[in-house]
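Below is a walk through one structure, taken strand by strand and then helix by helix. Please keep the sequence and the 3D view at hand while reading.

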Amino acid sequence: MAEGFDIDHLAKLARLSLTAEEKALYSSQLNQILGHFQALADADLPATIDDARVVDEAALRSDEPGPVLGAEAVTRIAPASRDGQISVPRVVDDES
Amino acid sequence: MSTPPSDWEVVIGLEVHVQLHTRAKVFASSPWGFGKEPNEQVDPVVLGLPGTLPVVNREAVEKSILFGLVVGASVPEHCSWDRKNYFYPDNPKNYQLTQKDFPVVVGGQVEIELPGASRNVMGEHKFIRIHHAHLEEDVGKLSHAGSGSLVDYNRAGVPLLEIVTEPDLRSSAEAEAFLRSLVAMLTQAGVADCDMEKGQLRCDCNVSIRRRGVEKLGTRTETKNLNSISSVRDTVIYETARQIRELEAGRSITQETRGWNAELARGYVLRDKEDAHDYRYFPDPDIPTLKISRETVARLAKQVPENLYDRQRRYVEKLGLPYTAASVLVNDRALAEWFEIAVAAHPTNPSGIANLVANDLLRDLAASTGTAGAFDEAAPAPVSLASCPIKPAQLAGLVKLTDDGVISKQQAKEVFTEMFKSGQDAAAIVDAKGLRQNSDTGELEKIVQEVIADPAVAKSIAEYRAGNEKAINALKGPIMKRTQGKANPVLIDQLLRKFLA
């Protein structure tokens with residue numbers, strides 16, 4: 001089966017830096033996995049609602065505010081924090 | 001740069017993200033609201049911690065359905081949620097819960113009104129089709145500080161309705177008109193507050209151009225995260241000019257995602273198509289498909305308020321209001337309903353009531369309340385009628401006193417000012433100030449006869465009897481003077497004509 005993906009693009013999306021050996025290994029493994037899914041995709045099924053997964057509105061939650069963790073607890077489980085906020089490496093999606 | 005050369009046509013589609021008016025988040029019970037300390041409105045479900053499961057907030061679903069009904073969309077039998085996968089720290093789970101294949105709202109349309117030739121002339125009306133609207137979760141807020149970025153998850157999980165239009169808009173003015181109309185509909189139905197200063201409404205703007213007469217759409221760009229109506233307008237103008245420049249120079253348009261720098265009034269490239277995110281959508285296994293009962297749809301249909309332009313047409317055609325007053329009233333549902341209560345109390349002069357509401361009342365209320373949301377700088381400040389010292393029936397009473405000739409229109413302004421200060425009935429103020437015009441026919445008849453008998457006015461009487469209608473006015477002054485201005489002018493006129501006939 002021809003590769004349905006670009007391993008460099010996937011690595012970039014996943015923020016992974018891969019060696020040539022890793023790229024070869026993961027490409028082959030991904031091809032296998034995608035092969036399994038292709039078998040599922042090939043099955044002739046209409047795009048409909050799965051009745052077994054349907055619930056009615058009784059399964060909805062009411063609009064009642066509940067307890068919160070608090071900033072102290074939230075930041076404690078993060079690797080790094082500052083001033084009640086979670087600290088991450090700089091990410092920019094603006095004009096630079 | 002504001003209008004493209006006539007052989008180019010701009011085609012615009014908008015994606016409008018609206019935070020729904022709920023108390024709790026969309027898949028979690030955490031409360032949300034603007035202006036809280038960072039990460040104080042976060043619970044384990046918002047963070048996607050192990051062992052937690054999202055459960056959909058009923059109110060968020062119902063507000064979404066209500067929006068669908070407001071724009072005349074069909075409400076599907078089912079809707080379901082999908083995972084949109086991406087790696088970015090604004091999302092604690094590495095996926096956003098959204099709706100891809102089975103959204104809660106499909107179709108519908110929004111009526112818009114373009115600006116008229118002048119303030120008192122109604123502009124053209126158009127319908128903009130809605131493709132669909134889906135209910136998803138908002139993401140956290142990033143701020144950039146030095147070498148790192150800081151994340152506040154208070155906004156993560158806030159119910160967000162993404163409203164996607166068909167590419168039906170053809171100018172920056174239409175985009176502006178659409179957003180104004182949409183905001184009015186959302187707020188009047190109580191679906192959302194749309195406070196743009198608090199980021200409750202944000203917009204992505206798709207722009208392409210094509211030669212007039214060509215059916216095929218040109219390559220489009222998407223400018224993301226616009227948070228004011230003026231930014232949307234400026235982006236359309238900027239993108240249109242840029243794309244025309246590119247194509248006329250023989251270059252092509254790249255399908256790309258762009259940002260907008262409102263300070264510098266210019267757009268910039270965020271990423272091109274090669275860089276496009278592969279979101280690997282799949283149905284969320286944690287949230288079952290929801291069946292929407294027809295009973296719920298019928299119940300919500302009763303909450304749909306009168307469409308603002310239907311209301312405007314009714315005011316102009318049935319109540320005879322001038323367009324200027326009608327257009328002001330219909331933009332604010334509470335104000336329009338206030339006006340209608342007043343009209344019910346004095347049904348014979350809706351225009352008289354409308355003019356007082358749209359001019360005097362609004363002016364005095366605006367002076368005593370806050371400012372408009374920043375998304376729409378041009379909109380009038382929303383006023384709070386809750387604190388309005390005048391009740392609708394009291395205003396109706398004031399108009400009735402004027403219509404009955406008890407006080408003059410000039411005196412009505414004075415009485416209105418006093419009513420707004422004290423909250424007293426118009427009649428009480430008129431009596432207290434001794435403004436009541438004299439309508440006692442017997443006493444007035446005597447004065448009129450005395451004035452007519454005065455030789456000083458004999459010439460005017462002769463002129464009037466000779467056919468000069470205006471000569472009668474010369475007699476009114478002396479009568480008014482002798483009644484200290486309290487005589488009812490209508491009655492004076494009647495009596496003069498009676499005695500001079």
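**A sheet across two chains**

In chain A, β2(A) pairs with strand β3 (residues 85-89) over two bridges, in the antiparallel sense. Within this pairing, Ser81(A) has Ile86(A) of β3(A) as its bridge partner. The model is a predicted one.

From β3(A) the pairing continues into chain B. Strand β9 (residues 148-152) of chain B is joined to β3(A) by four bridges, and the two run antiparallel. Here Val88(A) stands opposite Ser149(B) in β9(B). Strands of a sheet pair through backbone hydrogen bonds, either parallel or antiparallel.

**The contact between the chains**

In total, 38 residues of chain A are in contact with 44 residues of chain B. On the side of chain A that touches chain B, β1 (54-55), α3 (71-76) and β3 each supply at least two residues. The largest share, five residues, comes from β3(A). By type, the residues on this side of chain A divide into 18 nonpolar, 13 charged and seven polar.

**A covered strand in chain B**

Next comes strand β11 (residues 201-211) of chain B. This strand is mostly covered, with eight of its eleven residues buried. One of its pairings is with strand β1 (residues 8-19) of chain B, antiparallel and over eleven bridges; there Leu14(B) has Cys205(B) in β11(B) as its bridge partner. Strand β12 (residues 221-226) of chain B also runs antiparallel to β11(B), and four bridges join the two. In that pairing, the bridge partner of Cys203(B) is Leu226(B) in β12(B).

**A helix with a buried face**

The last stop is helix α6 (residues 308-317) of chain B, where Leu308(B), Arg311(B), Gln312(B) and Tyr315(B) are buried. Why do the buried residues of α6(B) line one face of the helix? Seen down the axis of α6(B), they fall within an arc of 100°, so they line one face. An α-helix has 3.6 residues a turn, so residues three or four places apart point the same way. The cover over the buried residues of α6(B) includes α3 (172-188), α7 (323-330) and α8 (333-345) of chain B. Turned away from the buried side of α6(B) is a face that carries the exposed residues Asp310(B) and Glu317(B).

How values were computed: Residues numbered from 1 in each chain as written. Chains lettered and ligands numbered in written order. Predicted model: local features only at pLDDT ≥ 70, side-chain atom pairs only at ≥ 80, totals over all residues. Buried ≥ 20, exposed ≤ 12 C-beta atoms within 10 Å, placed from the backbone. Pairing = 2+ DSSP bridges. Contact = placed C-beta atoms within 7 Å. Nonpolar A, V, L, I, M, F, W, Y, C, P; charged D, E, K, R; others polar. Arc of directions from axis to C-beta.
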